[in-house]
Amino acid sequence: MSVPMPDFVRVIDVAELPDPGKTLVDVDGDMIALFHVGGAFYAIDDVCTHDGGPLADGELRDHKIACPRHGAKFDIRTGAALSMPAVRPTRAHDVKVEGGGVWVRLRAEAGVGGPPLHGSLPVTAAAVSTCCTPPAAREAAAGGAAGAPGGPLCEDRVREMLKEVKDPELFVNIVDLGLIYGVTLSPATDVPGKQHVAIDMTMTSPACPAGPQLIADTKRVVGASPDVEAVEVRIVMDPPWTPDRMTEAARDQLGIF
Ligand code: FES
């Protein structure tokens, strides 16, 4: 059975919103961000798809609105997510100008697709870096030396391992995303020769839906090293993550402007 299309609702007078300009309007109980840019009006949900940020409070530049919370940008014409940490579109709605007023009709769904969501993360065996090892020792390790290939465990090696862990929405590893705040190694008390690894990790938002998966994958990847006795992941939200923590490689990968 088809769902009847909602009616257009008059939300403001044309003269009420300067060009360029933005405002928040209520359409049948939904809070909608309304924009006036280049002589045309556009309407999208006042909801950032990253973590619910209020888009109408963000900075408007041309046809892009930046979420005030973590900086994701959306196209006000289509609702498309243009930059991380948002990857899904927000809903864009129908708008018309008639009788001196601006009218909005809600659409049921977002109309523009983003990258695929929550693909399963293939976790491979722990990456083994040779960052702490002189060339001769590397060759020896490559030749099959038992114990700890790649030399003694160090922070750099752990960070290399962590590049195996990728955000399931963004497909960028957690090191380049800037989620790793610290790595601390200490000798395991009950297993001689092995290390306890404590990792201070943040999330792009407190309610990041990928959080449990990222923690589990971090433990699995680092814990696969023969040098590691135990892995502890400590979630740190202060200071909060911001997009400027990303490396250039991550920015390139995400096409951030
Ligand atoms: S809530 Fe909008 S970018 Fe995080």
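Leaving aside residues up to four places away in sequence, Phe 74 touches Ile 44, Leu 55, Lys 64, Ile 65, Gly 79, Ala 80, Ala 81, Leu 82, Ala 86 and Thr 90.

**Strand S4**

Select residues 40-45. This is strand S4, where confidence is highest, at a mean pLDDT of 98. Is S4 enclosed or open? Five of its six residues are buried, so S4 is largely enclosed by the rest of the structure.

Now show strand S3, residues 30-37. S3 and S4 pair in the antiparallel sense, over six bridges. Pick out Ala 33: its bridge partner in S4 is Ile 44. Ile 44 is also among the contacts of Phe 74.

Then bring in strand S8, residues 92-98. S8 runs antiparallel to S4, and two bridges join them. Look at Ala 43: His 93 in S8 stands opposite.

**Helix H2**

Move to residues 155-162, helix H2. Which of its residues are buried? Select Arg 157, Val 158, Met 161 and Leu 162. They cover an arc of only 145° around the axis, which puts them on the same side of H2.

What covers the buried residues of H2? Show strand S10 (180-187), strand S11 (195-201) and helix H3 (211-223), which are included in that cover.

**Where to be careful**

Color by pLDDT and go to residues 112-148. The score stays under 50 along this stretch. The model has 66 contacts beyond four places in sequence for these residues. Helix H1 (residues 135-142) has the lowest confidence, with a mean of 38. Where pLDDT is low, the predicted coordinates should not be read in detail.

**Zoom out**

Show the whole protein. Four helices and twelve strands make up its count of elements. It has 257 residues, and 35% of them count as buried. Among contacts with a separation of 6 or more, 54% link residues 24 or more positions apart. The average pLDDT is 83, and 81% of the residues score at least 70.

Terms used
Residues are numbered from 1 along each chain as its sequence is written. This is a predicted model: local features need pLDDT of at least 70, side-chain atom pairs count only at pLDDT 80 or more; totals for chains, interfaces and linings use all residues. Two residues are in contact if their C-beta atoms, placed from the backbone, lie within 7 Å. A residue is buried if 20 or more other C-beta atoms lie within 10 Å of its own, exposed if 12 or fewer, and partly exposed in between; C-beta atoms are placed from the backbone. The arc is that of the directions from the helix axis to the C-beta atoms. pLDDT is the predictor's confidence in each residue, from 0 to 100. Two strands pair if DSSP finds at least two bridges between them.
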